[in-house]
Structure formats: structure tokens, C-alpha cells
Number of protein chains: 4
Amino acid sequence: MASSFGHLFRIATWGESHGGGIGVVIDGCPPNLDLSETDIQCDLDRRRPGQSKIVTPRKEADRCEILSGVFQGKTLGTPIAILVRNEDQRPEAYTEMATAYRPSHADYTYDAKYGLRNWQGGGRASARETIGRVAAAAVAKKVLGHLAPSLEIVAYVKSIKDISGTVDPETIRFATVEANIVRSGDPSVVDAMIDLIQSVRAEGNSVGGVVECVARGVPPGWGEPVFDKLEADLAKAMMSLPATKGFEIGSGFAGTSLTGLEHNDEFYMEGDRVRTRTNRSGGIQGGISNGETIFFRVAFKPTATLLRSQATVSSEKKETELAARGRHDPCVLPRAVPMVEAMTALVLCDHALRQEALRLPGL
Amino acid sequence: MASSFGHLFRIATWGESHGGGIGVVIDGCPPNLDLSETDIQCDLDRRRPGQSKIVTPRKEADRCEILSGVFQGKTLGTPIAILVRNEDQRPEAYTEMATAYRPSHADYTYDAKYGLRNWQGGGRASARETIGRVAAAAVAKKVLGHLAPSLEIVAYVKSIKDISGTVDPETIRFATVEANIVRSGDPSVVDAMIDLIQSVRAEGNSVGGVVECVARGVPPGWGEPVFDKLEADLAKAMMSLPATKGFEIGSGFAGTSLTGLEHNDEFYMEGDRVRTRTNRSGGIQGGISNGETIFFRVAFKPTATLLRSQATVSSEKKETELAARGRHDPCVLPRAVPMVEAMTALVLCDHALRQEALRLPGL
Amino acid sequence: MASSFGHLFRIATWGESHGGGIGVVIDGCPPNLDLSETDIQCDLDRRRPGQSKIVTPRKEADRCEILSGVFQGKTLGTPIAILVRNEDQRPEAYTEMATAYRPSHADYTYDAKYGLRNWQGGGRASARETIGRVAAAAVAKKVLGHLAPSLEIVAYVKSIKDISGTVDPETIRFATVEANIVRSGDPSVVDAMIDLIQSVRAEGNSVGGVVECVARGVPPGWGEPVFDKLEADLAKAMMSLPATKGFEIGSGFAGTSLTGLEHNDEFYMEGDRVRTRTNRSGGIQGGISNGETIFFRVAFKPTATLLRSQATVSSEKKETELAARGRHDPCVLPRAVPMVEAMTALVLCDHALRQEALRLPGL
Amino acid sequence: MASSFGHLFRIATWGESHGGGIGVVIDGCPPNLDLSETDIQCDLDRRRPGQSKIVTPRKEADRCEILSGVFQGKTLGTPIAILVRNEDQRPEAYTEMATAYRPSHADYTYDAKYGLRNWQGGGRASARETIGRVAAAAVAKKVLGHLAPSLEIVAYVKSIKDISGTVDPETIRFATVEANIVRSGDPSVVDAMIDLIQSVRAEGNSVGGVVECVARGVPPGWGEPVFDKLEADLAKAMMSLPATKGFEIGSGFAGTSLTGLEHNDEFYMEGDRVRTRTNRSGGIQGGISNGETIFFRVAFKPTATLLRSQATVSSEKKETELAARGRHDPCVLPRAVPMVEAMTALVLCDHALRQEALRLPGL
């Protein structure tokens, strides 16, 4: 169950970065939706390595194959299995890691948990695992298109290290984000961000940052009151992505410096629609969407795998040093944007279907 | 399923703040553990209203009754049902809320989701719902006592509005926290915090803040690699508590301003134990505990229910004003501390049992 | 999770026959349904002891209390907790069983599993546990009333030992069944059945039999294709009831003596409705309802607890003899009828909601 | 979730008989078990078409590929994905079924549920779906080998139509069953069974029968007391197989003609082991294994797809006739034997791990 996510729109991902491939099974997708590999490939391409000069140069086409659940271009209502073969595998680039644990990576903890690990390329801890999530989310977006036609999910890089952009969650557009290779929401800081990433790469070092995500057009009523609060499921979804260290929604941590009178979002009527004058709630109140824009931020730490030598220990429990070789992202943020967007779509799709299931005809 | 939490140590809470009572059913507690109401009451008393001059004066003894699953002082391995009756109910204090939505509370979203709500006292959105969680966590701690005897969970108030304490996660003790009514981890800021809370109460206003929680003595290997990462489940657990707006672990959001070389936790050997020199990971790497202290922070917004008049709308969708009456916490932080601790215990207990289930004899 | 059942209409039962009480929590009931204790009590009364001269004379009023999830007579959409207190407890009647295992009862296996057991009255293995199921099913029937208004569930005693009734599943009515204390579907065999039960009771012996259940008015399309086939979930539901030894649907075991040509149900059109000329499928094909009457049979073994002495062993692993005292059903069938009906309602309600969740607007 | 099975050893199957392939993802398999394709292929070969003259002549090698979760011959503890490509696809043999519903098959109900179906070969209702189950069960047997080394699961054909074998559940051996192409447990009836199957095939007709399965060496204590009773999970598992109409355990339906005194299994001591003199319980009491041999029977109806013309209706809701072409099993029993065995292994493995998770060290 550890590799499954969602209740009604339920996905199970599988696969290591080195091995037969990576994939996902989607159980619970409604029937009669148009679906083809093209719908999925588009998002996979935004996630894949080698897409620009500031990400890892690994060459993976990440071509997906739909193995089941679709017939004559329509979803059948039965499980949709999607497979992406691994191609550019270079286990020899990982031989040091067969014994030496990368600092702040999952090598040691996997050994501690399982007693063994696939040391070729990070196993399940590789960002490659997120292929399954992104593929499934492409399907989730199709479902959402029927349940909330005006829904828009846009994620973007808010900051990299100390360089921060200025973005308005109400107006930021997908095209603006995709127009630059950083996926910054603010075009004015793109060049500085690229310079920074290229400079840390040259040093064998890395940087992190913050991704912000907005979901506009979520109708009121999605979410649950207690454990499965919409913000709780979003938090879990984001903190399940590799390299994440924090999640905050609406006013977030900064909101704790306000008083209640300053923080509360007063209601008013806009025609027959209940609106709030401010949106410190971030679109969710008591676990349930209120119809305002949902927005939240996710902190990504600097990439752990470095080309610089660092002190560590070996699987034989001897102190040693390790400098990684291989092709790694000096900054995960540009490729994290479609991952954040994907997890958002998965959470919203599941809650949308849950809300549908709660409504009885005539009540 | 929305009111259930956990996989192997699974709880289901139920109950509204006004109604027959509040309770929890625990399914999956191992047999033969000593358990009595006294073990549970102790934590409920730390959560209950009326415990000090800075919390709500509602008079609720919150006496618990174990209805099943325990026989002659031992757990049976079958479901443990725990009931707390509601006592100090004053629905008349909520009559305005029958029609007017409290800003930034769940009144409107419950109506949007369900088409009706129990307007007496907040329903499931009341902090009273957490009684079931705290009671279940008292049982979880018993289980953890067998699986990790040296485990200590200590939560404390880190900041209230702009007043922040200085606390060392490695050494902070439960007794220090419980020695002051704010549950601050830093005794030097207690008086200022009390003054602040009393002053905002006098104004009918409210404040929020940050709770930090540490778990020392978690063995390496708890957690899961993908969706059920230990930090992801902790994030969900915390963000499922009322009034939370953010979660961060280890270096958190501040960690994004470091480079990889600065951020990575180098490994070394301490005797035969793998240790890290720093702990920016917050005790978890790749979703799995590494044996270092787990610590994280949770942002709580200022209490939404205010005694001051605010603009809002009614359930008939008319604009109106609302000033709450009734007895509310001007600051939820002191009572949030045992809730954060409880959710931490529930997450750790579940993952401890999951790890037990994964280990085959002789492998 | 072992005490939970269902996915969308999910129940968790708790309680032992001796202890604080018995109950259930229902999570996933849609809001705005009319519900009161009266709706539930009616079915509990059909299940309770002491209702006639052929069942156990234990005096339990089994009065239920709705503790949560209902407000001003309407379901809130949040968990509904229902409590029935234990009243007529006589632990002294079970003192022999503190050490001696009843043959074919669960005393030994509970000890083997848990290392201890509540020997007063059978613990969770008592038929008293089914109170929670019957109470939850009363709520499920309310939901079904909205999703399939013409649905009728009727269960009845088909045979007791070698006395078998003749019943037409298409026409048998609830009132016919409830008009006799055996709950036989065939009035002509009632007297013989009563005589048989009274005669085995006089000998301290017991008998079993078969309950048949029909569900008329299930629309086509409920159920799932693979593991959660409708007949699979019904089988699990029935085999989870105490004392059951077999389940068969439609043609059942007898159907294996037919050829395919004899067994197949040919389709024809009745107006615009697809019908089958025969119904050996029992209303389900490939795991999914086809709109014909669902009917199945459940085998209940003779009651294991006997007043006659039998060889057994003690919890100290010594051979011994045991004759039960206390008040036991000489035949569980009359009280099993509402239990079978309840489990049928729970399965159908869950699958009805699952089917609702699968249908997207406009597709 | 509808295509998932199990709690701790959890499998998700996917795939249609015509399409990219068939597969399974196993989540929850413990690490460090030896595993290769060879371990799995062996059971797949017992299930595959074309294996003898009495089954369908479809030519499918059913070669499996392990795509993930295994590294250097050992399980990693992470999801194991297994893929079998479809090869001998002849959609043209199914063109009539694009519009005409096969009587007693799932064509109509799939259309009723989903509004469309993959009419090429039966979709998810094809017995081909069980490839994923059989593959997963091969892995489950590896786990069981560590948790109950003396466990033996043997399934066999008990009867075909009116020809019934005589088999002793305590002594029947796997080799005896595999020595004949019917997989009869009684060699003396094999020839008659083969003759019968060949004769109905010649007529374009079909037959059904009963499979019996025994599990010897299950330790006391596996199973759960209420909904997840071991017999309930076995019943669900068996009734989820295609073409099943009934399940009975131990004395089954015939046991209802005995009195309690006749039916009860008296306990005695065999050395320090608790035994029963008879085994009408079928090795399970109160949902939990008692250490005796578990045995049960499963009724399989005659194959629905016939080469003889039958009345039916079309997807346009017109009455019509249909005679199938294509290559179908005249009797599913020989190939059902490994399926029954597989589902038994999956249920036992899951419950074995659940019991492990319940045991705390030192309690």
C-alpha cells in the first residue's frame, strides 16, 4: 500500500531508476474519457531529463505505452497501466555508491530498512519514480475537465536560493511559466536564476528553492472535515515528492504574526456567489474548498548528490569520502514544477470524485 | 474513510462538539498491553478546556470510558472503543451562527459540501474532535513503549505571534514544557506570551504561533519510500489538525537558502552506530528515519472565532455582521501541543508496526 | 481494519458481549437523510435475544443511542456512532469457559492468536457483535431507498436440518417471513421446524440450516469486474457472520451438474429492458448485477455451545470435559435472518455508491 | 481499488485479454527473498492455454517479465511489477460479440455498468486476467515458505458434472494432481472425465464442476475475528474467480443436516499440541485457523461461451442469435486448479503477515 495514493482515483506506482522500467496503474478512472499516449507524453516531456541546459543531461525519451484500460481511444473504467522503459542506464556511474552512502540521500536509510538496496541510480528514491505520478496526473486532469471545466492548475518556481520572484496567484498563466527553462513565475528573475544554477553546477554544488502552486476554479465543497482535509492531503502529496522540506498554504508560517482580526477573511456576496475579500485561507477552510483560489508553497532542499567530495560512511560501516560522478540536476526546481502540478491534480481529482459519491439524487 | 487514520494502528474518530459525545475506535492495537482509563485521562487533561487562565473557560471534565477491547486491564487485540460524553453544551451561544458564517471558520464550507451542518459549536470542525485523537495516541504510546523503549516525543510552543523562544531539540524535556501554562519550550518567554494572550483576549481578538515537536529515539528504518514517506505522513497528520497553515521538517523553508554543500548532513561512525554531524534532514532521509532526532514545526493561525464584529454573509446569502459570543480560546497553541504530540505518536506507531510486518524471521 | 467493512459506506464495529457495550461507527453516509433511533431499533428488535420461545432467553432490550452524525433528524454526512449498552451480563455463567475451550467455538483460536481472551460470553465471536452490523444496515437501507427506490431485500429460513421449505424468490414477501417466529419462507413447514428446535433444546443439543436471501430491484451495473465482484463481496459478507459454512448464488453447487446449454440464461427484450428467460446466474454476471433478482443461500452450522458434556482441553492444555450452562440459541437461524439481510444491505449500499462515483456528468 | 486484493501483501492486477498485455503489481512483499522469473513461470505454465488436449488451444506462451522490485536475484521490499504480453490475439474471432451479448457472460453487464466494453476477447472478464493473480501468488508462496515452512497448498478437481472423485484431504499430494491433465485428485476417474470433456466439446457444449483445495500446515492463529475471518477472505477470493457459483468450507452445506453433538469437533492433546478428533470446522474456528487442515470446495459453472447457437440480444437492444467461434475451454476446471491454489496462497500470505504485525516483542 506504501506505493499507492488516492481513494477513488487510486494510483500505484512501481519501478526503480535502473531496471526494467517505471510505471503506474490507475484504478478508478471513470469510463468513456478520450485518452491516448499523446495526452500523457506532453506532461512527461515537461518532467524528463535533458530538456534544457540547466537540468541533468541524462538522455531519456521517457516514451510511455498504455498497456490496458483504453479501447478505441476511450477509457474502459478498468485499470489503466502505463509503462515507460528505462533507457539511458549507466550503473557504472554508481559503483562508488554500491558501498558509500551519499550524505542526505536515501542510501543509508534504505539499507537500514530493507537490508539491501538497488544502488544503481537511487532505486525508488530516484526522481524517476515520479514518471508514474505525472502520467497518472495527465489522466486525472481529463477527469477534472469534466467535473470542474474551468479548473486551472499552475505551478511555478517562486524562488531559487535567495532569488525570489513576484507572482500574483490570481493571474499567473501556464504559458508564462513554460516560456522560460527555469519555470519561474516571474520573467524578470529568470536570467539571474539561470546564472546561479550554472554557477553552482560548475562548482559541483547545488541549490534548492520554493515552488508555488495555484488551483483556480475549484468549486466549493471539495475536501473532508477531519483527517482527509484538502490541505492535509495536499501536504502529504507534496511532502511525498523527493527533496521536499516544507509545505504552507495561504498565509502559511507568516500568518502566525497576524492577529485574528487581521488574518480572518471576511465574506461578501458577489452576485449569488459567496466570496472572501482576502484569501489568507488559501482557498480552503476547515479542510474544504471555499471556491477561492487555492495556493500553497513547497520547499525543495538543494540536490543531495554532489560532485564534490564529502565525508560519509560505507555500508561496511567504515568512515570514507564520496564524490558522485554521473549526471545530476544542480537544482531540481525546474523539473519539480510539473511534479507539484501532478500531485495537485491527483489530490483534486480524488476529492472531486469523493464529493460526487456523497451526493444522492434528490437530496 | 474520511474520519479514519493509519493502516495497521488504525483509528476512526466520531462526534460533534454538541451532541451525544466524542469518541474513537482503535483497530489494530496488539494484545496484552496494560491499559486503563487512567493512562488515557492524563493526556486528555492536557488537552481539555478550562485548564488555565489563558484558554477557553468551557467546563468539560472530558472523562473517558473504555467501552471495549480491554479485559482485566489488558488489551484484547480487538477494537478499543473510547467514549467521552459532552457536558457543558450551550447551543444558545451559537444561535447567531445558525445563519451567519464565521469568517475563516468552516461554517460556509460545511454548508457548501453537505447542504446542512450542526451549527451548535462547530460540529466536526471543533477542536473537541481531537479528543478521540489524543485518547488513541495514549494507547499508541503504549505500543511504542514496546517497539522503541527509549522513544521520547516532546512538543512545545516555539512562538506566539512575534514572541519566539530558543529551544534545543536534542535536550528539551517534557517536564520543562509542562511546567508553564503556555507549554513554551523556553521558560524565559512565558510571561511575555501570557501577557500577549491575555491582552488579545481582552480585545476580543486572537493570536497564533508555531509548535515544534521532537521525537528522539526513533530507530533507523521507520517510514516508506514513496507516498507514505514518514515526513509526508507527519505533514498530513499535522495539517489535519484544526487551524494549521504550514509544516516544515529539519531545515524547512530556511534550508532553501543554503547550497548542497552547506545543507548535506555528513555521515560518521559513533561506535557501531551511523550518525550525521548535522541534522538538517530532521531525522528522515528519503522518507525513512535515520536514527537522528526527528523535529518539525507546525504553523497555527490565530483563532478564527472572535468576539469582535466582522463582515460576513448568512446562509440565506445576505451580507451581515457577526460578533461571536461564547467561550473561545484566544490562542490555540497551549492546547495544540498535546494534539501535535498525539498525531506524532499515531504516525510513529503505525509506521513502527508496518516495519515489524516487513521483517521475516531469518531474513 | 479487521473490524471494518465497505469502501464508501464504511462501517467499523466494536464491542464484546460482556463489557461496556456494542457499537458501530458509519463513515461515508451521505447527508440530509432522515434518521432517528426508531429507524434502527426496528431491525435491532428482529435480531435481539428473548424475542420468542425458540431463541435464547437472554434479556437484552438492545436499545440503541445515536451519539453523533445526526442533527435535527437529518444525517450530517459525518460519522454516525451508534451505541447499545450491554445489560444482561452473567459472567458467572461462563466461569468454566475461562479455562475449558468449547468445541467448535472460537475459545481456543482466540487464545492461539492473541494469548488471551475475554472468556465472559464469547467476546467478539459472540453473535452480539452483529448488533453493530444490523444498526448500520438500517442506515444503509435509507441510502438505498434513494438510489434504488424499488429495491426489496428479503431473507428467510430455507431449511432447518432436514426440514426444507419451498419458496419462490420472485414473490416471497417480508410480511410472510415475519409472520412466523422461525422466519421460514414457507408457512407449511413452520410447525415442524418449531417442534424440531424445541426438541433439540430439550436435549441440550442444537441444529443448523440454510438461510436464503433475495434482492429484487437492483439496477443493472452494480458490482465490479475483478476482486470486488458483487457475488464475492456478498460471499465475504455472509461468511463473516458467525456459524456460516457455505455460500452459493443462483444455481450454486447444483448448477455444476448441468451443461452449458442447460445452464446459460438466454437474453430477451421485455419492452426496452434486457431480461433473461432463466436466472441461474442469480442476478449477477461477471461480478456485476444484470437487473434480475439476486438470490443466494448461506449454510449455518448447528450452534456450537451445548448443554451436553463433550470432551475438550483446557487453556492449561489438559484434557477435560465441558457442558455449557447459560442461555444459548438451540438454532441460530431465526435470528440469522436479519443478519443476512443486514449484510446484504451493507454490500449493496457500498456498491451503489461506488457506481454513483464512477459516473461523470455528461459522459 | 476494485482491482486490488490484500492488506499487507497487496496486489493490483490490470490488463484485458486483448490489448498490450496483462500484469500485476505487488506492494508489501518483504525484502531479501530469492526471486526470479523462473519461480513465477512454473505456475503460469500450469494456468496457460494450450497445455493439453482438453483445454483451449489458444497459443500463449505467457512468458513473464519482472520489471521492478528485484535486484540481483533478491526482492527489494519495493513494488514488484510483472508483465505478460498478449500474443495470440484474434479480435476477428470476436466480431459477433461486438454487438451480440453472450448469454451468461459479462458482455451485457459491462455495457450496463460502463457504457462501453472491449469486446475483443472478454476484457477484464477473461480468465486471462488471472495471470496476474497466479504470478503474484508465486511470490506469496515464497513469503509463506519463511513464515510456515511446512505449509502445503494442494487444489484438485473433485468433480466434473456428475463424475466425482474420492480424495482424502489429509493425504492428497501435488504430484498426484499434476500427473493427470484434468488435475483430478482421484486417478480412477480421470479417463471418464476426459471422455466427458471431449464429448461436450465435440457438441459445442460445456461442463462445470467442483474444485477442492486443502492447506496443510497452517499454524493456529491466522485470521481475524469479525469481517476479515479467514474463511470470509477465502470465500471472497474464490468467488472473485471467473465462473464460480459457490463456496463451502469443512462440513459446508451438508453439515446443516447434523446436530451440534454430531457436528462439533472435540479437542484432545497430541503431545503439547491441541488437536481436534474430527475436522468439520475445516481448520478454521471463529475466523481463525486452529492448526488442522484447512479444506474447502468451489463450484464452477459450465463455460458460458458456447459454439452452439443461443437466443440473445444485441447492444442495440434487438433480439438475435449468437454462436461463438474462437477457441474456448469446454471445461474450465483443469485450469481453475492453479487459480484456486493461487488465491489461497494470496489470502494465507496476507493473513500470515497480519499476524506477524500483531505480535509485539516481549508480549
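This is a predicted model: local features need pLDDT of at least 70, side-chain atom pairs count only at pLDDT 80 or more; totals for chains, interfaces and linings use all residues.

Modeller: Leaving aside residues up to four places away in sequence, L346(D) touches F5(D), G6(D), F9(D), I11(D), R133(D), A136(D), A137(D), A140(D) and A237(D). L346(D) also belongs to the largest nonpolar core, which has 484 residues. Among the residues with the most contacts inside that core are L346(D) together with L346(A), L346(B) and L346(C), and also V211(B) and V211(C). In soluble globular proteins, nonpolar side chains tend to be buried together.

V211(D) has V298(D) as its bridge partner in β16(D). The two strands concerned, β10(D) (residues 209-216) and β16(D), are antiparallel and are joined by seven bridges.

The relation between the copies comes next. Two copies of a chain are related by a rotation about an axis and a shift along it. Chain D is superposed on chain A by a rotation of 180° with 0.0 Å of shift along the axis, at an RMSD of 0.0 Å. This is therefore the relation of a two-fold axis. The contact residues of chain D recur in chain A to the extent of 100%, and the same surface serves both copies.

A rotation of 180° with 0.0 Å of shift also superposes chain A on chain B, with an RMSD of 0.0 Å. Because 100% of the interface residues of chain A are interface residues in chain B as well, these copies meet through the same surface. Between them, 90 residues of chain A are in contact with 90 residues of chain B. Helix α6(A) (residues 230-239) gives the most to the side of chain A that touches chain B, contributing six residues. By type, the residues on that side of chain A comprise 37 nonpolar, 33 polar and 20 charged. Strand pairing also crosses between these chains: β11(A) and β11(B), each covering residues 244-249, are antiparallel and share three bridges. F247(A) stands opposite F247(B) in this pairing.

Chain A further contains an open sheet of five strands, ordered β1-β2-β3-β7-β4, with antiparallel pairing. Its edges are β1(A) (4-5) and β4(A) (64-66); each has a single partner strand, so one side of each lacks a neighbour in the sheet. Strands β2(A) (residues 10-15) and β3(A) (residues 22-27) are joined by six bridges, and T13(A) has V24(A) as its bridge partner. Helix α3(A) (residues 130-147) packs on the sheet, where it touches β2, β3, β4 and β7 of chain A and makes about 35° with the direction of β3(A). Helix α1(A) (residues 37-47) lies across β4(A) and β7(A), running at about 150° to β4(A).

How values were computed
Residues are numbered from 1 along each chain as its sequence is written. Chains are lettered from A and ligands numbered from 1 in the order in which they are written. Two strands pair if DSSP finds at least two bridges between them. Helices (H or I, at least four residues) and strands (E, at least two) are DSSP runs, numbered from the N terminus. Two residues are in contact if their C-beta atoms, placed from the backbone, lie within 7 Å. Ala, Val, Leu, Ile, Met, Phe, Trp, Tyr, Cys and Pro count as nonpolar, Asp, Glu, Lys and Arg as charged, and the others, Gly among them, as polar. Copies are superposed by least squares on the C-alpha atoms of residues with pLDDT of at least 70 in both. A nonpolar core is a set of buried Ala, Val, Leu, Ile, Met, Phe, Trp, Tyr and Cys residues joined through C-beta atoms within 7 Å. A residue is buried if 20 or more other C-beta atoms lie within 10 Å of its own, exposed if 12 or fewer, and partly exposed in between; C-beta atoms are placed from the backbone. Axes are lines fitted to C-alpha atoms, for helices over the stretch in contact, and angles run from 0 to 180 degrees between N-to-C directions.
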